[in-house]
Amino acid sequence: MNLFTRISTARDKKSNLYYVTLVAVLCIGSYLLGVWQNSTVNPRAAFDTSTDPPCEKLSKTASTTDLDFNPHHNPHDPPPSAVTAANFPSCDAELSEHTPCEDAKRSLRFSRERLEYRQRHCPEREEALRCRIPAPYGYKTPFRWPESRDVAWFANVPHTELTVEKKNQNWVRYENDRFWFPGGGTMFPRGADAYIDDIGRLIDLSDGSIRTAIDTGCGVASFGAYLLSRNITTMSFAPRDTHEAQVQFALERGVPAMIGIMATIRLPYPSRAFDLAHCSRCLIPWGKNDGVYLMEVDRVLRPGGYWILSGPPINWQKRWKGWERTMDDLNEEQTQIEQVARSLCWKKVVQRDDLAIWQKPFNHIHCKKMRQVLKNPEFCRYDQDPDMAWYTKMDSCLTPLPEVDEAEDLKTVAGGKVEKWPARLNAVPPRVNNGDLKEITPEDFLEDTKLWKQRVSYYKKLVYQLGETGRYRNLLDMNAYLGGFAAALADDPVWVMNVVPVEAKLNTLGVIYERGLIGTYQNWCEAMSTYPRTYDFIHADSVFTLHQDKCEPEDILLEMDRILRPGGGVIIRDDVDVLIKVKELTKGFQWQGRIADHEKGPHERVKIYYAVKQYWTVPAPEEDKNNTKALS
């Protein structure tokens, strides 16, 4: 290497050293400038962790921790203050049993003809209460099933009227701080078990062919309570009337029930839903109004289903004196019932002592031929949807059964035969097999059943209370679809009210009943026909998204809070943006909860919000406070 080359190389190295030094000086200067600019706040802020919020405890299951999606989702949401500003105070103590759509004062605005005033009449949105319904002072967690069938806390349903009015009929007894339910009824003072045994000697209740029942005018629902041990689930209903709190007692016992009445609109159930219908002195005028009430029973009965009647006028020849009615009056009533039953093509199976049982035909092959002789009632128009039952007027017409080939015999089940219980639960329902719901194939049904088994298994890992035997009894699924949630819990000691919202794309409630489950229709922008504190646990899948353009999320949350028991649990499954808003709103309800991942993992937009309603009641009455002070 010559001299010129060595001098040039040395000069290049020196230039590089100057360049590196200059860059380092500029970087250090920039850093020091940044520290100086922030020194007015706290020069040690970058290193001081003493003011940081404490870290939350990590759950054993990582997916159950609170997840913060705000930095990544929904950039156009209002600031949190706009959501959390909502405050929902406690309603007055006298509203602890408030049922918005069965309000006694509002009912006076409506006609008493056919008891229209006692059916559902919901407040206008501006009339609706914007406060939380309190539990009564002294409220306690109900007894666990099966003990709850026979006993309930007085403080939870503080009404003793029935203990006096029905004293000789063994409905309910009051002792110390609790009610006892001996299982009696007006027509079965020996108890519901003995009464059901009498029925079982007339028709088979044990082979699994009878699974779903409806009890009209149920009292405290002892009939339904004792059918449960025979694997028969009963939808019990009665109005909110002078028999104070009868449905509330049923729910407190852990028995399925709703507030309802046969008046001018259809019962909120699909056609061909129940295997058995029952009336024990239910005071419904079956032979009056052109037989419209028996026609409604016919609509909801499955082909081949039974109607059981006990009490007036059955066995009037022996009982007429005790009923304080004339023999002619009772004879006329029974004649009217027999005539309506024949016009519906029902067959009288048996009448023995105080029981009479009729059976609906399996199809209408013979009945259509009879229409040539019996002109009334006419068949309902075929363009009328027999499953449409939300504020739908009752019609004096016979609901036609699905067509069957006239070459078939009279035992061919119109619409398809259901399997016997328990195979019925997971077998493909006839409405799906027949293609009545074109969007749902048999493969879709089976996949949905499998999916919900996986989801419920995941839920039980998130929410240990759901997997704890006996912790929950009364469950509500607010958007049940095919009943997969309830089916996955069939082996647990719970019952599920499966709701198909009227806003749902598909009316699937008939499928749910064909599985041997029970449910009802509901618009979640209105109150449900039930008492406060009905349910231990509520499941809401996509309910808020479904009603996004119909009502505000707080409207739905207020109703959920009303019908949820103190200490009860909620799982809301929805889009993450929806859940963030809902979670903020529930802070105003005294709910404690967290958002967890979808069962498939964190990359799914659908998340799960699990919350618990905190225990709170109305304040102690003044006399209790004074007594406490005196004792202290």
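Author: A residue is called buried if its relative accessible area is under 20%. Keep that cut-off in mind for this predicted model.

Reader: What makes helix α18 largely enclosed by the rest of the structure?

Author: Helix α18 covers residues 553-563, and ten of its eleven residues are buried, so the rest of the structure largely encloses it. The buried set is E554, D555, I556, L557, L558, E559, M560, D561, R562 and I563.

Reader: How much of the protein is buried?

Author: Of its 632 residues, 52% are buried. The chain folds into 20 helices and 17 strands.

Reader: How many aromatic pairs does a search of the whole structure find?

Author: The search finds 21. One of them joins Y269 and F274, with ring centres 5.5 Å apart and planes at 90°.

Reader: Why does the pair of Y269 and F274 get the name it has?

Author: Ring centres must lie within 6.5 Å, and planes over 60 degrees apart count as edge-to-face. At 5.5 Å and 90°, Y269 and F274 meet both conditions, so the pair is edge-to-face.

Reader: Is Y269 buried or exposed, and how do you know?

Author: Its relative accessibility is 2%. The limit for buried is 20%, so Y269 counts as buried. F274 is at 0%, so F274 is buried too.

Reader: What makes the pair of Y459 and F485 tilted?

Author: The planes of Y459 and F485 stand at 55°, with 6.4 Å from centre to centre. Stacked needs under 30 degrees and edge-to-face needs over 60, so an angle in between is tilted. The pair links distant parts of the chain: Y459 sits in helix α13, F485 in helix α15, 26 residues apart. Both Y459 and F485 are buried.

Reader: How do you know that the span of α13 is close to the expected one?

Author: From first C-alpha to last, the 21 residues of α13 reach 30 Å, and 30 Å is expected at 1.5 Å a residue. Its buried residues include W452, R455 and Y459.

Reader: What makes R455 count as lying over the face of W452?

Author: The distance from R455 to the ring centre of W452 is 4.8 Å. The distance limit is 6 Å, and there is an angle limit of 35 degrees from the ring normal. R455 is listed as lying over the face. R211 lies over the face of W421 as well, at 3.6 Å from the ring centre.

Reader: Which residues have the most contacts inside the largest nonpolar core?

Author: They are Y269, W286, W307, L476 and M560, in a core of 132 residues. A second, separate core has ten residues, among them A152, W171, F181 and F249. F181 and F249 also belong to a cluster of ring pairs with F154, Y174 and F179.

Reader: Where is G516 found?

Author: G516 is in the loop between α16 and β13. Its relative accessible area is 0%, so G516 is buried.

Reader: Which residues does G516 touch, not counting residues up to four places away in sequence?

Author: G516 touches R211, T212, W421 and R424. T212 is 304 residues away along the chain, yet the C-alpha atoms of G516 and T212 are separated by 6.0 Å.

Technical notes: Residues are numbered from 1 along each chain as its sequence is written. This is a predicted model: local features need pLDDT of at least 70, side-chain atom pairs count only at pLDDT 80 or more; totals for chains, interfaces and linings use all residues. Side-chain values use heavy atoms; hydrogens and water are left out. Rings of Phe, Tyr and Trp (its six-membered ring) pair if their centres lie within 6.5 Å; planes under 30 degrees apart count as stacked, over 60 as edge-to-face and the rest as tilted. Buried means under 20% relative accessible area, exposed over 50%, partly exposed in between (1.4 Å probe, protein chains only). Helices (H or I, at least four residues) and strands (E, at least two) are DSSP runs, numbered from the N terminus. A nonpolar core is a set of buried Ala, Val, Leu, Ile, Met, Phe, Trp, Tyr and Cys residues joined through side-chain atoms within 4.5 Å. The expected span of a helix is 1.5 Å times one less than its number of residues. Contact means heavy atoms within 4.5 Å.
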